[in-house]
Amino acid sequence: MRFLPAAVERLQSLGRYVLLSYRWPGEPPQPGQFVMARPAGWGLSMDPFLARPFSVYDYEEGVASLLFEVRGRGTALLARASEEIEVSPPLGRGFSVCREGPAALLGGGVGVAPLRLLSRRLSERGVEHEVFLGFADAGLAAAAEGFPEPVVATMDGSFGVRGTVLDAAGDLRRYRAVYACGPNPMLAAVGLAAGPEAQLSVEERMGCGNGSCNGCVVPTRKGYLRSCVEGPVFEAGELAW
Amino acid sequence: MRFLPAAVERLQSLGRYVLLSYRWPGEPPQPGQFVMARPAGWGLSMDPFLARPFSVYDYEEGVASLLFEVRGRGTALLARASEEIEVSPPLGRGFSVCREGPAALLGGGVGVAPLRLLSRRLSERGVEHEVFLGFADAGLAAAAEGFPEPVVATMDGSFGVRGTVLDAAGDLRRYRAVYACGPNPMLAAVGLAAGPEAQLSVEERMGCGNGSCNGCVVPTRKGYLRSCVEGPVFEAGELAW
Amino acid sequence: MVAPELSVELCGVRLATPLIPASGTLAPEALGEAAGVYGAVLPKTVTLRPRQGNPPPRVAESPAGMVNSIGLQNPGVEEFLRALGAWEVGVPVFVSVAGETVEEFALLCGRVAADGRAAAIELNLSCPNVERGGQVFCAGPSAVEEVVAACRRAAPDVPLLAKLALEGVVQNALAAEAAGADGLTVMNTVPALAVDARARRVLLRGGLSGPAIKPLALRAVYDVASAAEIPVVGCGGVCSGADVAEFMLAGARAVQVGSAGFVRDPAEILAEFERYLREEGLAASELAGALLPAQGARPVPSER
Amino acid sequence: MVAPELSVELCGVRLATPLIPASGTLAPEALGEAAGVYGAVLPKTVTLRPRQGNPPPRVAESPAGMVNSIGLQNPGVEEFLRALGAWEVGVPVFVSVAGETVEEFALLCGRVAADGRAAAIELNLSCPNVERGGQVFCAGPSAVEEVVAACRRAAPDVPLLAKLALEGVVQNALAAEAAGADGLTVMNTVPALAVDARARRVLLRGGLSGPAIKPLALRAVYDVASAAEIPVVGCGGVCSGADVAEFMLAGARAVQVGSAGFVRDPAEILAEFERYLREEGLAASELAGALLPAQGARPVPSER
Ligand SMILES: Cc1cc2nc3c(=O)[nH]c(=O)nc-3n(C[C@H](O)[C@H](O)[C@H](O)COP(=O)(O)OP(=O)(O)OC[C@H]3O[C@@H](n4cnc5c(N)ncnc54)[C@H](O)[C@@H]3O)c2cc1C
Ligand SMILES: Cc1cc2nc3c(=O)[nH]c(=O)nc-3n(C[C@H](O)[C@H](O)[C@H](O)COP(=O)(O)OP(=O)(O)OC[C@H]3O[C@@H](n4cnc5c(N)ncnc54)[C@H](O)[C@@H]3O)c2cc1C
Ligand SMILES: Cc1cc2nc3c(=O)[nH]c(=O)nc-3n(C[C@H](O)[C@H](O)[C@H](O)COP(=O)(O)O)c2cc1C
Ligand SMILES: Cc1cc2nc3c(=O)[nH]c(=O)nc-3n(C[C@H](O)[C@H](O)[C@H](O)COP(=O)(O)O)c2cc1C
Ligand code: FES
Ligand code: FES
């Protein structure tokens with residue numbers, strides 16, 4: 001896999017998340033695509049050895065951004081990368097951006113990330129859409145800040161409406177297109193509620209990000225497919241959870 | 001081995017060397033002792049895994065310093081450690097500081113490092129001594145800067161006298177005490193020229209620095225001895241090279 | 001300054017560079033990166049029938065390495081051969097096969113030989129063996145000998161590389177050589193376990209790869225090259241040009257790059273190796289085994 | 001909040017904590033750091049006669065690990081026992097022994113048992129064996145069985161731990177158990193090579209230790225604990241409290257800390273482990289083997 005050095009434009013904290021934007025002179029990412037990223041430094045890194053996958057949160061005029069939570073060493077090091085990171089080109093099959101609304105965008109937790117760029121593209125096309133973002137509590141809801149007019153739900157009711165993102169969205173059948181990203185149980189519920197054409201962005205552990213390792217598979221009707229090449233966005237009807 | 005965080009006081013380059021000084025609130029190091037050091041950071045380091053041994057170059061009022069050459073990843077990372085490092089207490093058996101001169105201090109290359117503190121202690125005791133420092137060329141001779149009135153020799157004559165440090169020092173038998181640190185062939189030559197009581201600081205690859213691994217041995221008349229505990233300073237007569 | 005000579009000869013096949021992607025670590029989708037880097041390409045191991053592979057999670061990170069348990073997911077040999085065109089990028093194509101029985105191994109070799117496009121066949125001898133109750137083939141020299149001999153008969157004209165596990169590598173290498181292998185790939189991933197202490201569960205039961213295992217692979221290559229006459233292909237933890245040189249000095253004729261390809265552009269590894277050769281004034285083929293005990297006097301090295 | 005219970009029982013010996021320094025990685029000079037951390041101490045392997053050890057270089061660094069070739073430097077059993085007092089720091093003292101012949105092993109065990117101070121004896125079964133032409137003892141289950149049986153006879157009343165190499169670990173474990181071992185230390189360093197490509201020489205032929213080998217050691221512990229009845233002591237790459245938990249969940253009754261002690265204060269490892277137990281609401285002894293297949297139904301696990 002080819003990694004490219006990218007200058008960090010801005011590194012800021014957004015509640016419990018980190019928003020990192022970097023100059024990306026290459027091909028513009030499609031909504032729902034992801035990148036493999038790691039701190040820049042001494043050629044090859046042994047610690048961590050693998051790069052980390054992140055959805056592209058946003059992209060505008062040569063600047064891409066990632067929104068992430070610090071979980072382990074990989075994200076902790078990226079959260080300190082104020083000058084340069086190493087990053088792959090945009091990878092995978094993103095959302096297919098619809099031409100007609102209304103569309104619903106549902107995000108759970110840090111799974112809201114890829115919806116930002118999707119929402120931007122839908123707006124550019126003038127496609128009517130609503131954004132529903134669910135979090136455990138108000139402390140995590142800062143991830144909603146970048147979205148124009150999101151409906152926010154928290155499980156404990158400490159911010160926005162009380163309940164799940166599905167509670168907040170109501171009947172999904174009234175949308176022509178449904179997009180979702182979040183924990184697997186949420187995605188499964190969205191698939192059930194919205195039907196087989198709902199576009200779900202799944203998350204599986206990755207080795208390479210470019211299809212080489214067969215590590216990131218998800219069960220589908222066609223057997224195990226690689227979420228980094230055939231995904232990370234699948235139609236609900238394709239998945240065989 | 002217990003490592004302690006130490007605030008970096010100053011990080012400067014000295015020709016092709018790096019001079020790093022850090023606050024050391026613990027027991028003052030003896031001349032000829034060394035420390036195990038590594039960059040501070042994320043608890044345990046995997047890359048590099050082991051810490052690196054360095055002679056204590058100088059010590060004054062709670063500030064210790066190291067003089068080193070960048071060779072691989074360990075020294076490269078230390079050369080960027082502008083805020084904090086992790087360091088062991090002073091280790092090993094240093095030079096036995098004589099009470100009567102004249103003494104000769106002979107250093108080769110970066111082996112000059114431990115002689116700085118030795119020279120300071122000798123001066124404090126009012127012991128007359130001369131410092132002879134040898135380098136391959138003028139570019140490396142910057143390491144002589146910290147010494148009061150060193151006689152510098154370079155192999156190519158580009159700085160100071162031409163020849164080895166032994167050429168520069170002349171007959172070593174006229175000194176009551178001879179101290180040396182540098183490449184093994186130089187130490188062997190000093191031992192031959194100065195006699196069995198010359199104090200030589202040897203350099204061997206180390207695992208632990210505290211006697212635990214048996215990795216750093218040198219051949220002596222008593223068999224292999226650990227240079228980190230029984231050394232790094234040995235009398236020439238003890239060594240069985 | 002003249003560019004150093006990179007080419008090597010392996011079992012009668014001329015490779016423009018000594019680098020080969022390790023089986024299962026380079027997808028056809030990523031072949032673009034491989035142009036000009038690899039001396040041969042080597043797709044993921046293929047089996048007689050399609051294999052689903054193991055349920056996820058399939059990969060976990062470990063210090064300076066990773067543990068994987070893919071389970072040989074592949075479309076089966078017929079579909080594989082239909083799609084083999086994607087691998088033809090101007091360098092020899094090696095094909096890795098694995099059977100669950102001796103007969104399957106032989107059938108696979110026969111089929112691949114009949115297809116005619118494989119410049120060499122690599123026998124993945126560390127896959128599950130249903131004939132022997134879940135034991136791996138590499139479990140012992142007699143199993144290795146039996147498989148290699150059957151494959152030799154089934155594909156008499158295609159160079160055969162036996163890819164060996166770490167466990168018992170020298171004895172298995174000698175068995176493969178005796179049975180007619182043309183070369184030996186040393187080594188595969190090493191059996192490993194990844195545990196999640198917080199979740200209190202086994203994350204993954206699989207094989208360790210990456211730089212962590214490099215010292216083990218180097219030792220295995222050195223010991224095998226000291227004991228066997230046929231060429232050795234080094235594999236395990238190669239990440240840099242210096243690593244390539246280390247393996248070749250220790251006795252490898254060519255070197256496979258596996259996990260490192262997930263985190264680096266392999267062209268960088270080749271560039272580093274080229275720089276090394278230039279600075280040392282050597283050709284790639286001159287490294288081969290420079291550290292080994294003199295030819296003719298090659299005992300199995302003793303411990304410590 | 002109550003401090004979690006750290007103590008475990010190993011072969012009839014009560015250990016205040018499940019941590020033990022791995023043989024050869026803690027000098028008496030460094031015992032000061034060990035106070036309150038270790039449940040037992042374990043000096044470097046001792047042989048019948050003094051051993052010089054190997055010429056330097058003896059250590060080299062590798063990715064997330066190190067390669068060593070010390071060569072069992074030690075003063076011989078008589079001098080060792082004279083100096084054993086330095087090891088008495090209020091916790092049980094285990095003694096590691098290695099012979100070059102079966103007889104030497106038995107003599108050592110008899111001598112150490114007669115001395116009476118060793119709470120347990122660890123048999124280092126991966127040292128060179130002159131009887132078998134330089135092969136290591138761990139080369140096969142029959143050699144292991146022979147040595148353990150002889151040691152059992154020589155020291156009938158001292159708990160015996162057989163310390164096994166990775167190669168063939170499950171078969172060797174069962175052999176040691178059959179021959180009367182009370183416990184199994186799994187595992188030792190893994191044979192490795194370090195090469196200096198620039199100097200074009202072998203830097204070191206030795207054993208790999210450190211975090212790099214943790215996934216291999218975890219796997220070996222899990223497989224051995226699944227197959228054998230006697231307790232297992234985990235060893236290989238333990239660096240953190242989470243690592244200790246992983247090994248105990250995978251079936252280790254106690255855990256040895258080797259190379260990590262060179263780069264960390266072992267008290268930090270214990271503190272992390274204690275925090276883990278507190279957060280999980282567990283006692284150390286409750287972890288033991290939680291991930292293993294249910295008791296009674298413990299086959300040797302099959303590959304992949
Ligand atoms: C397609 C895709 C898009 C993602 N987008 C985002 C995003 O926009 N924002 C964000 O915060 N996170 C995202 N994640 C999850 C993110 O990759 C993990 O949080 C991150 O890898 C954790 O690394 P670490 O070193 O901090 O944690 P560690 O737990 O130390 O990582 C150890 C290993 O586990 C893997 N891992 C751990 N957690 C996850 C996880 N949840 N998913 C996949 N692999 C994991 C790591 O990649 C690494 O290999 C995405 C994951 C995928 C697959
Ligand atoms: C007692 C003692 C005192 C020392 N004092 C100094 C000093 O004051 N200034 C200075 O510049 N250097 C000194 N050295 C050498 C210094 O330790 C090495 O230059 C350093 O370890 C190189 O680390 P690296 O990661 O940059 O190089 P790498 O080559 O990447 O290191 C790889 C491994 O080899 C070991 N190693 C490499 N070179 C040496 C060497 N020459 N001696 C010992 N181990 C080595 C490293 O410790 C490490 O384990 C001393 C060594 C010893 C034993
Ligand atoms: C994700 C993954 C999949 C692999 N699949 C195969 C395979 O199908 N056949 C095979 O022979 N080896 C397979 N291997 C082993 C590699 O070919 C190689 O032998 C091993 O990874 C060691 O090399 P490395 O350390 O350079 O990765 C796989 C390794 C990885 C990491
Ligand atoms: C420098 C060094 C010396 C060792 N000496 C011995 C020894 O004398 N006897 C022994 O049984 N194991 C010895 N070992 C192996 C360790 O006890 C331990 O089994 C091995 O290092 C793996 O554990 P680790 O990864 O925690 O280091 C030694 C290891 C090292 C690194
Ligand atoms: S991450 Fe390697 S195939 Fe998807
Ligand atoms: S460095 Fe470990 S004993 Fe000296």
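1. The contact of chains B and A. Chain B and chain A bury about 700 Å² between them, and carbon and sulfur atoms account for 65% of that area. The side of chain B that touches chain A is made up of 4 nonpolar, 1 polar and 3 charged residues. In this contact 8 residues of chain B meet 8 residues of chain A. The model under discussion is a predicted one.

2. How many salt bridges are found across the interface of chain B and chain A? The count is 0.

3. The contact of chains C and D. Here the buried area is about 4600 Å², with 59% of it from carbon and sulfur atoms. Chain C contributes 48 residues to the contact, and chain D contributes 47 residues.

4. Polar features between chains C and D. Across this interface 8 salt bridges are found. One of the salt bridges joins the side chains of C:R205 and D:D223, with an N to O distance of 3.0 Å. There are also 18 residue pairs in polar contact across the interface of chain C and chain D, both residues being at pLDDT 80 or more. Which elements of chain C supply at least two residues each to the side that touches chain D? They are the strands β10 (190–196) and β11 (201–209), together with the helices α5 (214–227), α6 (241–249) and α8 (266–280). The greatest contribution to this side of chain C is that of α5(C), with 6 residues. By residue type, the side of chain C that touches chain D holds 29 nonpolar, 7 polar and 12 charged residues.

5. A residue within α5 of chain C. C:S226 belongs to helix α5 of chain C. The side chain of C:S226 reaches the backbone oxygen of C:Y222 at 2.7 Å. Because its relative accessibility is 1%, against a limit of under 20% for buried residues, C:S226 counts as buried.

6. The annotated site in chain C. An unreviewed UniProt entry lists a "binding site" at C:K44, C:N68, C:S69, C:I70, C:G71, C:L72, C:N124, C:N188 and C:T189.

7. Residues up to four places away in sequence are set aside in both cases. C:I70 then touches A:C213, A:N214 and A:G215 of chain A, and C:K44, C:G53, C:N54, C:R58 and C:V59 of chain C. C:G71 is in contact with C:R51, C:G53 and C:N54.

8. The annotated site in chain A. For chain A, an unreviewed UniProt entry places a "binding site" at A:R52, A:P53, A:F54, A:S55, A:G74 and A:T75. A:R52 is part of strand β4 (residues 52–55) of chain A, whereas A:G74 is part of helix α1 (residues 73–78) of chain A. With a relative accessibility of 21%, A:R52 counts as partly exposed; A:G74, at 4%, counts as buried. Leaving aside residues up to four places away in sequence, A:R52 touches A:V35, A:M36, A:A37, A:G74 and C:E61, and A:G74 touches A:P48 and A:R52.

9. A buried strand residue in chain C. C:L161 lies in strand β8 (residues 160–164) of chain C and is buried, with a relative accessible area of 1%. Apart from residues up to four places away in sequence, C:L161 touches C:C11, C:F94, C:I121, C:E122, C:L123, C:G183, C:L184, C:T185 and C:V233. The C-alpha atoms of C:L161 and C:P231 are 9.1 Å apart, although 70 residues separate the two along the chain.

Definitions and conventions: Residues are numbered from 1 along each chain as its sequence is written. Chains are lettered from A and ligands numbered from 1 in the order in which they are written. Side-chain values use heavy atoms; hydrogens and water are left out. UniProt positions are given in the numbering used here, feature names are shortened, and annotations may be inferred rather than shown by experiment. Contact means heavy atoms within 4.5 Å. Buried area is the accessible area (1.4 Å probe) that two parts lose on being put together, summed over both. A salt bridge is a side-chain nitrogen of Lys or Arg within 4 Å of a carboxyl oxygen of Asp or Glu. A polar contact is a pair of N or O atoms within 3.5 Å; within protein, one must be able to donate a hydrogen and the other to accept it, and residues adjacent in sequence count only if both atoms are side-chain atoms. Helices (H or I, at least four residues) and strands (E, at least two) are DSSP runs, numbered from the N terminus. Ala, Val, Leu, Ile, Met, Phe, Trp, Tyr, Cys and Pro count as nonpolar, Asp, Glu, Lys and Arg as charged, and the others, Gly among them, as polar. Buried means under 20% relative accessible area, exposed over 50%, partly exposed in between (1.4 Å probe, protein chains only).
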